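Thanks for coming. Please have a look at the chain on the screen before I start.

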Amino acid sequence: MTQDPDPMLYPNESDADGGPRGVSRRLLLASGATAGAAATAGCTGADDGDDDNREPDSDGATVFVFNTGDGTVSLLDPGSDSVVATQSLGLSSSFPSNQYTPELTDASTDSLWLNVGRGVRALEVGSLSETASVETGSGANWLEQTPDGQHLLVSAREPAHTQFRLDADPDSETFGEITGELDRTAEGGRGSNDGPGPCDVTIHPEGAYAYVPDLFGDTLTVLSIEPFEIVTQIDVEPVGDGPAAPWMGTAAPDGQTLLVEHNEGETGTESVWDLSDPAAPTETARLTAADNLGSRPLTSEIGPDSEIGYVFTPGSNDVTVVDLAEAAVTDRLDLGGSAFVGTWNPARTKLYVPVQTSDEVAVIDHDQRRIVERIAVESSPYGATAAQVRPETDSASSIEARMARVGLEDEPSETTYCLGKCACGHEL
(Lines give C-alpha, C1' and ligand atoms only; values in the text may rest on other atoms or scores of the structure.)
Protein backbone atom coordinates (compact mmCIF):
# COMPACT_ATOMS: atom_id res chain seq x y z
CA MET A 1 0.00 0.00 0.00
CA THR A 2 1.36 3.37 -0.94
CA GLN A 3 1.94 6.03 1.66
CA ASP A 4 -1.11 8.15 2.49
CA PRO A 5 -0.94 11.90 1.98
CA ASP A 6 -0.61 13.95 5.12
CA PRO A 7 -4.05 13.27 6.66
CA MET A 8 -4.20 16.64 8.35
CA LEU A 9 -3.20 18.72 5.33
CA TYR A 10 -5.59 16.78 3.09
CA PRO A 11 -8.64 16.08 5.26
CA ASN A 12 -10.80 14.90 2.34
CA GLU A 13 -8.47 12.14 1.19
CA SER A 14 -9.28 8.48 1.67
CA ASP A 15 -6.55 5.85 1.84
CA ALA A 16 -4.14 6.31 -1.02
CA ASP A 17 -5.03 3.03 -2.70
CA GLY A 18 -8.74 3.80 -2.49
CA GLY A 19 -9.59 0.93 -0.18
CA PRO A 20 -8.89 -0.77 3.08
CA ARG A 21 -6.03 -2.98 3.97
CA GLY A 22 -6.40 -6.74 4.10
CA VAL A 23 -6.21 -8.99 7.12
CA SER A 24 -3.15 -8.24 9.17
CA ARG A 25 -0.46 -10.80 9.97
CA ARG A 26 -0.88 -9.66 13.57
CA LEU A 27 -4.51 -10.83 13.54
CA LEU A 28 -3.52 -14.28 12.30
CA LEU A 29 -0.83 -14.62 14.95
CA ALA A 30 -3.17 -13.35 17.67
CA SER A 31 -5.87 -15.80 16.62
CA GLY A 32 -3.49 -18.73 17.00
CA ALA A 33 -2.07 -17.46 20.24
CA THR A 34 -5.49 -17.15 21.86
CA ALA A 35 -6.94 -20.51 20.83
CA GLY A 36 -8.17 -21.12 24.36
CA ALA A 37 -9.69 -17.67 24.91
CA ALA A 38 -10.95 -14.68 22.99
CA ALA A 39 -9.16 -12.20 25.19
CA THR A 40 -5.73 -10.67 24.96
CA ALA A 41 -4.22 -9.72 28.30
CA GLY A 42 -3.55 -6.03 28.86
CA CYS A 43 0.07 -4.99 29.03
CA THR A 44 1.45 -2.21 31.13
CA GLY A 45 3.59 0.50 29.63
CA ALA A 46 6.39 2.52 31.13
CA ASP A 47 4.02 4.51 33.33
CA ASP A 48 2.72 1.67 35.50
CA GLY A 49 -0.41 2.45 37.48
CA ASP A 50 -1.31 1.34 40.97
CA ASP A 51 -4.13 -1.24 40.80
CA ASP A 52 -5.12 -0.58 44.41
CA ASN A 53 -5.89 3.07 43.64
CA ARG A 54 -8.33 2.39 40.81
CA GLU A 55 -11.98 3.27 41.22
CA PRO A 56 -14.08 0.33 40.02
CA ASP A 57 -16.76 0.69 37.36
CA SER A 58 -20.08 -1.07 37.70
CA ASP A 59 -20.10 -4.78 36.92
CA GLY A 60 -20.19 -5.30 33.18
CA ALA A 61 -18.90 -1.84 32.26
CA THR A 62 -17.17 -2.07 28.88
CA VAL A 63 -15.02 0.10 26.65
CA PHE A 64 -15.46 -0.69 22.94
CA VAL A 65 -12.43 -0.13 20.71
CA PHE A 66 -13.01 -0.42 16.96
CA ASN A 67 -10.03 -1.86 15.11
CA THR A 68 -10.25 -0.45 11.59
CA GLY A 69 -7.50 -2.70 10.23
CA ASP A 70 -9.43 -5.97 10.59
CA GLY A 71 -13.05 -5.16 11.35
CA THR A 72 -12.97 -6.32 14.97
CA VAL A 73 -14.02 -4.70 18.21
CA SER A 74 -11.99 -5.13 21.39
CA LEU A 75 -14.07 -5.28 24.57
CA LEU A 76 -12.11 -3.78 27.46
CA ASP A 77 -12.89 -4.17 31.16
CA PRO A 78 -12.22 -0.73 32.70
CA GLY A 79 -11.92 -2.28 36.14
CA SER A 80 -8.92 -4.46 35.27
CA ASP A 81 -7.84 -2.54 32.14
CA SER A 82 -7.67 -5.71 30.09
CA VAL A 83 -9.24 -7.10 26.92
CA VAL A 84 -11.98 -9.56 27.85
CA ALA A 85 -13.01 -10.49 24.29
CA THR A 86 -12.43 -9.63 20.65
CA GLN A 87 -15.37 -9.92 18.28
CA SER A 88 -15.38 -9.80 14.49
CA LEU A 89 -18.08 -7.39 13.33
CA GLY A 90 -17.27 -6.99 9.65
CA LEU A 91 -17.49 -3.24 10.14
CA SER A 92 -15.66 -0.48 11.96
CA SER A 93 -16.35 3.01 13.23
CA SER A 94 -13.98 5.95 13.53
CA PHE A 95 -16.16 8.39 15.49
CA PRO A 96 -18.92 6.51 17.34
CA SER A 97 -21.26 8.44 19.60
CA ASN A 98 -19.52 8.66 22.99
CA GLN A 99 -20.36 11.95 24.69
CA TYR A 100 -23.32 10.64 26.71
CA THR A 101 -23.38 7.01 25.53
CA PRO A 102 -21.36 5.61 28.50
CA GLU A 103 -24.16 6.63 30.89
CA LEU A 104 -27.11 6.05 28.54
CA THR A 105 -26.32 2.42 27.70
CA ASP A 106 -27.27 0.66 30.94
CA ALA A 107 -29.45 -2.10 29.43
CA SER A 108 -28.62 -4.80 26.90
CA THR A 109 -31.32 -3.47 24.55
CA ASP A 110 -29.77 0.00 24.40
CA SER A 111 -27.80 1.02 21.32
CA LEU A 112 -24.29 1.90 20.32
CA TRP A 113 -24.49 4.41 17.47
CA LEU A 114 -21.70 4.19 14.88
CA ASN A 115 -20.69 6.01 11.70
CA VAL A 116 -20.37 3.22 9.13
CA GLY A 117 -20.31 3.26 5.33
CA ARG A 118 -22.35 6.14 3.96
CA GLY A 119 -24.45 6.69 7.04
CA VAL A 120 -24.98 5.70 10.66
CA ARG A 121 -26.06 2.46 12.33
CA ALA A 122 -27.25 1.27 15.69
CA LEU A 123 -25.99 -1.94 17.28
CA GLU A 124 -27.80 -3.43 20.23
CA VAL A 125 -25.19 -3.41 22.97
CA GLY A 126 -26.13 -6.83 24.34
CA SER A 127 -25.81 -8.71 21.08
CA LEU A 128 -23.91 -6.30 18.80
CA SER A 129 -26.59 -6.98 16.20
CA GLU A 130 -27.76 -4.18 13.90
CA THR A 131 -31.05 -2.58 14.91
CA ALA A 132 -31.14 0.55 12.73
CA SER A 133 -29.40 1.95 9.66
CA VAL A 134 -29.75 5.35 7.99
CA GLU A 135 -28.04 6.51 4.80
CA THR A 136 -26.99 10.17 4.84
CA GLY A 137 -25.62 10.67 1.32
CA SER A 138 -22.08 11.08 2.63
CA GLY A 139 -19.22 8.88 3.76
CA ALA A 140 -18.17 11.53 6.31
CA ASN A 141 -20.50 11.45 9.31
CA TRP A 142 -20.26 12.51 12.96
CA LEU A 143 -22.94 11.78 15.52
CA GLU A 144 -23.98 12.17 19.15
CA GLN A 145 -26.94 11.17 21.30
CA THR A 146 -28.77 13.79 23.30
CA PRO A 147 -28.32 13.53 27.10
CA ASP A 148 -31.81 12.05 27.51
CA GLY A 149 -31.14 9.40 24.84
CA GLN A 150 -34.20 10.41 22.81
CA HIS A 151 -32.43 11.77 19.73
CA LEU A 152 -29.32 11.20 17.66
CA LEU A 153 -27.85 14.21 15.87
CA VAL A 154 -25.72 13.68 12.77
CA SER A 155 -23.43 15.97 10.80
CA ALA A 156 -23.10 14.62 7.26
CA ARG A 157 -20.31 16.50 5.53
CA GLU A 158 -19.67 16.74 1.78
CA PRO A 159 -21.42 16.13 -0.54
CA ALA A 160 -24.53 16.09 1.67
CA HIS A 161 -23.81 19.14 3.88
CA THR A 162 -26.83 18.11 5.97
CA GLN A 163 -27.81 17.87 9.63
CA PHE A 164 -30.05 15.00 10.67
CA ARG A 165 -32.05 14.27 13.79
CA LEU A 166 -32.98 10.61 14.36
CA ASP A 167 -35.24 8.89 16.85
CA ALA A 168 -32.83 7.09 19.21
CA ASP A 169 -35.38 5.77 21.72
CA PRO A 170 -35.37 1.94 21.37
CA ASP A 171 -38.91 1.78 22.77
CA SER A 172 -40.28 4.18 20.17
CA GLU A 173 -42.30 3.03 17.15
CA THR A 174 -40.17 5.31 14.97
CA PHE A 175 -36.80 4.17 16.39
CA GLY A 176 -34.03 4.76 13.87
CA GLU A 177 -36.10 7.01 11.62
CA ILE A 178 -35.20 10.56 10.55
CA THR A 179 -37.28 13.08 12.49
CA GLY A 180 -35.57 16.26 11.32
CA GLU A 181 -33.35 17.29 8.41
CA LEU A 182 -31.51 20.52 7.56
CA ASP A 183 -29.94 20.73 4.09
CA ARG A 184 -27.23 23.36 4.42
CA THR A 185 -25.81 23.22 0.89
CA ALA A 186 -27.19 26.66 0.02
CA GLU A 187 -24.85 28.25 2.59
CA GLY A 188 -21.91 27.53 0.29
CA GLY A 189 -18.35 27.03 1.38
CA ARG A 190 -14.82 28.24 1.01
CA GLY A 191 -13.10 27.75 -2.34
CA SER A 192 -14.55 25.04 -4.56
CA ASN A 193 -16.55 23.42 -1.74
CA ASP A 194 -20.29 23.37 -2.48
CA GLY A 195 -21.38 23.66 1.15
CA PRO A 196 -20.18 24.62 4.64
CA GLY A 197 -18.86 21.15 5.55
CA PRO A 198 -20.55 20.50 8.92
CA CYS A 199 -17.90 18.52 10.72
CA ASP A 200 -18.63 16.98 14.13
CA VAL A 201 -21.48 17.72 16.52
CA THR A 202 -21.39 18.13 20.29
CA ILE A 203 -24.40 18.66 22.55
CA HIS A 204 -24.91 20.94 25.54
CA PRO A 205 -25.55 18.88 28.72
CA GLU A 206 -28.93 20.53 29.27
CA GLY A 207 -29.98 19.01 25.93
CA ALA A 208 -31.47 22.07 24.23
CA TYR A 209 -28.60 23.04 21.91
CA ALA A 210 -25.92 21.44 19.77
CA TYR A 211 -22.76 22.94 18.29
CA VAL A 212 -21.43 22.19 14.80
CA PRO A 213 -18.02 23.46 13.60
CA ASP A 214 -18.20 24.09 9.84
CA LEU A 215 -14.91 23.17 8.17
CA PHE A 216 -15.54 24.94 4.86
CA GLY A 217 -17.83 27.67 6.15
CA ASP A 218 -15.47 28.92 8.87
CA THR A 219 -18.47 29.20 11.16
CA LEU A 220 -19.74 27.70 14.40
CA THR A 221 -23.41 26.76 13.97
CA VAL A 222 -25.73 26.49 16.96
CA LEU A 223 -28.72 24.15 16.53
CA SER A 224 -31.79 23.89 18.71
CA ILE A 225 -32.85 20.26 19.06
CA GLU A 226 -36.59 20.86 19.48
CA PRO A 227 -37.56 22.46 17.15
CA PHE A 228 -34.73 21.20 14.96
CA GLU A 229 -33.39 24.40 13.43
CA ILE A 230 -30.40 26.74 13.23
CA VAL A 231 -30.40 29.25 16.07
CA THR A 232 -27.34 31.24 15.12
CA GLN A 233 -24.09 31.09 13.16
CA ILE A 234 -20.88 32.67 14.38
CA ASP A 235 -18.08 33.65 12.01
CA VAL A 236 -14.81 32.16 13.26
CA GLU A 237 -11.82 34.32 12.46
CA PRO A 238 -8.34 32.89 11.79
CA VAL A 239 -5.34 33.81 13.91
CA GLY A 240 -2.99 33.70 10.92
CA ASP A 241 -3.15 34.13 7.17
CA GLY A 242 -5.16 31.00 6.42
CA PRO A 243 -8.80 30.14 7.08
CA ALA A 244 -9.92 29.30 10.62
CA ALA A 245 -11.16 25.85 9.49
CA PRO A 246 -13.00 24.72 12.66
CA TRP A 247 -13.82 21.05 12.40
CA MET A 248 -14.36 19.29 15.75
CA GLY A 249 -15.64 20.30 19.18
CA THR A 250 -16.57 19.21 22.71
CA ALA A 251 -18.96 20.78 25.23
CA ALA A 252 -17.98 20.50 28.90
CA PRO A 253 -20.16 18.49 31.32
CA ASP A 254 -21.04 21.63 33.30
CA GLY A 255 -22.20 23.40 30.15
CA GLN A 256 -19.89 26.39 30.66
CA THR A 257 -17.13 25.72 28.13
CA LEU A 258 -16.74 24.54 24.56
CA LEU A 259 -13.47 23.38 22.99
CA VAL A 260 -13.10 23.61 19.20
CA GLU A 261 -10.28 22.13 17.12
CA HIS A 262 -9.09 23.96 13.99
CA ASN A 263 -7.29 22.63 10.91
CA GLU A 264 -5.65 26.02 10.72
CA GLY A 265 -2.17 26.97 9.56
CA GLU A 266 0.76 24.58 9.60
CA THR A 267 0.12 22.99 13.01
CA GLY A 268 -3.53 23.68 13.86
CA THR A 269 -5.10 25.67 16.69
CA GLU A 270 -7.55 25.18 19.55
CA SER A 271 -10.22 27.67 20.61
CA VAL A 272 -11.96 27.98 23.99
CA TRP A 273 -15.54 29.26 24.08
CA ASP A 274 -17.77 30.59 26.88
CA LEU A 275 -21.21 28.93 26.96
CA SER A 276 -22.75 31.16 29.64
CA ASP A 277 -25.46 31.77 27.05
CA PRO A 278 -25.78 28.33 25.45
CA ALA A 279 -27.46 29.77 22.37
CA ALA A 280 -24.70 32.33 21.76
CA PRO A 281 -21.14 31.05 22.43
CA THR A 282 -18.31 33.55 22.61
CA GLU A 283 -14.67 32.75 21.91
CA THR A 284 -12.38 33.61 24.82
CA ALA A 285 -9.00 32.21 23.75
CA ARG A 286 -7.13 30.58 20.86
CA LEU A 287 -4.21 28.27 21.65
CA THR A 288 -1.41 27.79 19.14
CA ALA A 289 1.97 26.08 18.93
CA ALA A 290 3.40 29.11 20.73
CA ASP A 291 1.27 28.10 23.74
CA ASN A 292 2.74 24.55 23.62
CA LEU A 293 -0.33 23.12 21.89
CA GLY A 294 0.51 19.83 20.19
CA SER A 295 0.46 19.54 16.41
CA ARG A 296 -2.73 19.03 14.37
CA PRO A 297 -5.43 18.98 17.09
CA LEU A 298 -8.23 16.74 15.85
CA THR A 299 -10.68 15.96 18.67
CA SER A 300 -10.95 16.45 22.41
CA GLU A 301 -12.56 15.19 25.61
CA ILE A 302 -13.24 17.14 28.79
CA GLY A 303 -12.87 15.76 32.31
CA PRO A 304 -15.88 15.13 34.57
CA ASP A 305 -15.02 18.17 36.67
CA SER A 306 -15.12 20.39 33.53
CA GLU A 307 -11.75 21.84 34.53
CA ILE A 308 -9.40 19.88 32.26
CA GLY A 309 -9.49 19.35 28.50
CA TYR A 310 -7.63 16.56 26.70
CA VAL A 311 -6.86 17.46 23.10
CA PHE A 312 -5.75 14.66 20.80
CA THR A 313 -2.84 16.03 18.76
CA PRO A 314 -1.76 13.26 16.34
CA GLY A 315 0.71 15.48 14.52
CA SER A 316 2.96 15.26 17.58
CA ASN A 317 1.81 11.82 18.81
CA ASP A 318 0.52 13.11 22.11
CA VAL A 319 -2.40 14.44 24.12
CA THR A 320 -2.34 18.12 25.04
CA VAL A 321 -3.72 18.78 28.54
CA VAL A 322 -5.50 22.14 28.89
CA ASP A 323 -6.57 24.01 32.00
CA LEU A 324 -9.92 25.38 30.83
CA ALA A 325 -10.25 28.16 33.42
CA GLU A 326 -6.82 29.53 32.52
CA ALA A 327 -7.03 28.53 28.83
CA ALA A 328 -3.46 27.28 29.18
CA VAL A 329 -1.57 24.11 28.28
CA THR A 330 -0.37 22.37 31.42
CA ASP A 331 1.12 19.16 30.01
CA ARG A 332 1.71 16.98 26.95
CA LEU A 333 1.25 13.22 27.38
CA ASP A 334 3.40 11.19 24.99
CA LEU A 335 1.36 8.42 23.36
CA GLY A 336 4.22 6.96 21.34
CA GLY A 337 2.06 6.94 18.21
CA SER A 338 -0.87 8.55 16.41
CA ALA A 339 -4.25 8.74 18.15
CA PHE A 340 -7.28 10.70 17.03
CA VAL A 341 -10.05 10.11 19.57
CA GLY A 342 -10.70 8.82 23.05
CA THR A 343 -13.57 7.82 25.32
CA TRP A 344 -14.30 7.87 29.04
CA ASN A 345 -15.19 4.77 30.98
CA PRO A 346 -18.75 4.95 32.40
CA ALA A 347 -17.39 6.04 35.80
CA ARG A 348 -15.49 8.84 33.99
CA THR A 349 -12.33 8.25 35.95
CA LYS A 350 -10.15 7.16 33.02
CA LEU A 351 -9.78 8.18 29.39
CA TYR A 352 -9.15 5.40 26.84
CA VAL A 353 -7.13 6.48 23.79
CA PRO A 354 -6.70 4.07 20.83
CA VAL A 355 -3.17 4.49 19.45
CA GLN A 356 -3.56 3.49 15.85
CA THR A 357 0.08 3.10 14.91
CA SER A 358 1.01 0.84 17.84
CA ASP A 359 -2.14 -1.34 18.06
CA GLU A 360 -2.77 -0.45 21.67
CA VAL A 361 -4.95 1.66 23.92
CA ALA A 362 -3.34 4.20 26.24
CA VAL A 363 -5.24 4.69 29.52
CA ILE A 364 -5.07 8.13 31.10
CA ASP A 365 -5.98 8.39 34.78
CA HIS A 366 -7.83 11.70 35.15
CA ASP A 367 -6.84 12.32 38.78
CA GLN A 368 -3.17 11.60 38.09
CA ARG A 369 -3.14 13.26 34.64
CA ARG A 370 -0.86 10.56 33.31
CA ILE A 371 -0.84 7.37 31.27
CA VAL A 372 -1.19 4.43 33.66
CA GLU A 373 -1.75 1.50 31.29
CA ARG A 374 -1.14 0.44 27.69
CA ILE A 375 -3.47 -2.33 26.51
CA ALA A 376 -2.67 -4.40 23.42
CA VAL A 377 -5.58 -4.66 20.96
CA GLU A 378 -5.98 -5.59 17.28
CA SER A 379 -5.00 -3.88 14.03
CA SER A 380 -5.22 -0.09 13.73
CA PRO A 381 -7.60 0.85 16.56
CA TYR A 382 -9.36 4.15 15.92
CA GLY A 383 -12.83 4.85 17.36
CA ALA A 384 -13.98 4.10 20.90
CA THR A 385 -17.06 4.33 23.09
CA ALA A 386 -18.31 2.76 26.33
CA ALA A 387 -21.35 1.25 28.02
CA GLN A 388 -22.45 0.06 31.44
CA VAL A 389 -23.21 -3.43 30.13
CA ARG A 390 -21.16 -6.01 28.27
CA PRO A 391 -22.22 -7.90 25.13
CA GLU A 392 -22.73 -11.62 25.25
CA THR A 393 -19.65 -13.27 23.75
CA ASP A 394 -18.80 -16.73 22.51
CA SER A 395 -15.06 -17.40 22.65
CA ALA A 396 -15.13 -20.23 20.12
CA SER A 397 -17.19 -18.35 17.55
CA SER A 398 -15.08 -15.24 18.05
CA ILE A 399 -11.89 -17.15 17.25
CA GLU A 400 -13.51 -18.89 14.30
CA ALA A 401 -14.71 -15.57 12.91
CA ARG A 402 -11.25 -14.07 13.20
CA MET A 403 -9.63 -17.08 11.58
CA ALA A 404 -12.18 -17.03 8.77
CA ARG A 405 -11.15 -13.49 7.96
CA VAL A 406 -7.70 -14.71 6.97
CA GLY A 407 -9.28 -16.11 3.82
CA LEU A 408 -11.29 -12.97 3.11
CA GLU A 409 -8.51 -10.52 2.42
CA ASP A 410 -10.14 -9.45 -0.85
CA GLU A 411 -13.47 -8.81 0.92
CA PRO A 412 -12.52 -6.18 3.51
CA SER A 413 -14.75 -5.05 6.35
CA GLU A 414 -17.06 -2.14 5.84
CA THR A 415 -15.55 0.95 7.38
CA THR A 416 -16.19 4.64 7.70
CA TYR A 417 -14.66 8.06 7.31
CA CYS A 418 -11.45 8.67 9.21
CA LEU A 419 -8.03 10.16 8.67
CA GLY A 420 -4.74 8.50 7.85
CA LYS A 421 -4.11 4.76 7.63
CA CYS A 422 -7.42 3.52 8.92
CA ALA A 423 -8.78 1.29 6.16
CA CYS A 424 -11.54 3.58 5.01
CA GLY A 425 -12.09 3.12 1.29
CA HIS A 426 -15.12 5.39 1.37
CA GLU A 427 -16.30 7.80 -1.28
CA LEU A 428 -17.35 11.25 -0.17
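Predicted model: local features only at pLDDT ≥ 70, side-chain atom pairs only at ≥ 80, totals over all residues.

Residues are numbered from 1 along each chain as its sequence is written, and side-chain values use heavy atoms, with hydrogens and water left out.

First, the chain as a whole. It has three helices and 27 strands; helices (H or I, at least four residues) and strands (E, at least two) are DSSP runs, numbered from the N terminus. Of the 428 residues, 59% count as buried. Buried means under 20% relative accessible area, exposed means over 50%, and partly exposed is in between, with a 1.4 Å probe and protein chains only. The chain exposes about 15300 Å², and carbon and sulfur atoms supply 44% of that area. Accessible areas come from the Shrake-Rupley method with a 1.4 Å probe, and for residues only the protein chains shown count as cover. Among contacts with a separation of 6 or more, 54% are between residues 24 or more positions apart; a contact means heavy atoms within 4.5 Å.

Now the salt bridges. How many salt bridges does a search of the whole structure find? The search finds 13, where a salt bridge is a side-chain nitrogen of Lys or Arg within 4 Å of a carboxyl oxygen of Asp or Glu.

One of them joins Arg348 and Glu103, at 2.5 Å from N to O. Arg348 lies in the loop between β23 (343-344) and β24 (350-355) and Glu103 in helix α2 (residues 101-104), so the pair ties together parts that are 245 residues apart in sequence. Arg348 is buried, at 17% relative accessible area, and Glu103 is partly exposed, at 33%.

Another is between Arg184 and Glu187, with the closest N and O atoms 2.9 Å apart. Arg184 is buried at 2% relative accessibility; Glu187 is partly exposed at 35%.

Arg190 pairs with Asp218, the closest N and O atoms being 2.9 Å apart. This pair links distant parts of the chain, 28 residues apart: Arg190 is in the loop between β10 and β11 (202-203), and Asp218 is in the loop between β12 (209-214) and β13 (219-224). Arg190 is partly exposed at 29%, and Asp218 is buried at 16%.

Asp169 sits in the loop between β9 (162-167) and β10 (178-183). Asp169 is buried yet has no salt bridge, and the nearest side chain of opposite charge, Arg165, is 13 Å away. For charge, Lys and Arg count as positive and Asp and Glu as negative; His and the chain ends are not counted. Leaving aside neighbours within four places in sequence, Asp169 touches Gly149, Gln150 and Phe175.

Last, Thr385. Is Thr385 buried or exposed? At 1% relative accessibility, Thr385 counts as buried, and it lies in strand β27 (residues 381-387). The C-alpha atoms of Thr385 and Thr101 are separated by 7.3 Å, although these residues are 284 apart along the chain. Beyond its neighbours within four places in sequence, Thr385 has contacts including Phe64, Pro96, Leu112 and Thr343.

That is the end of my part.
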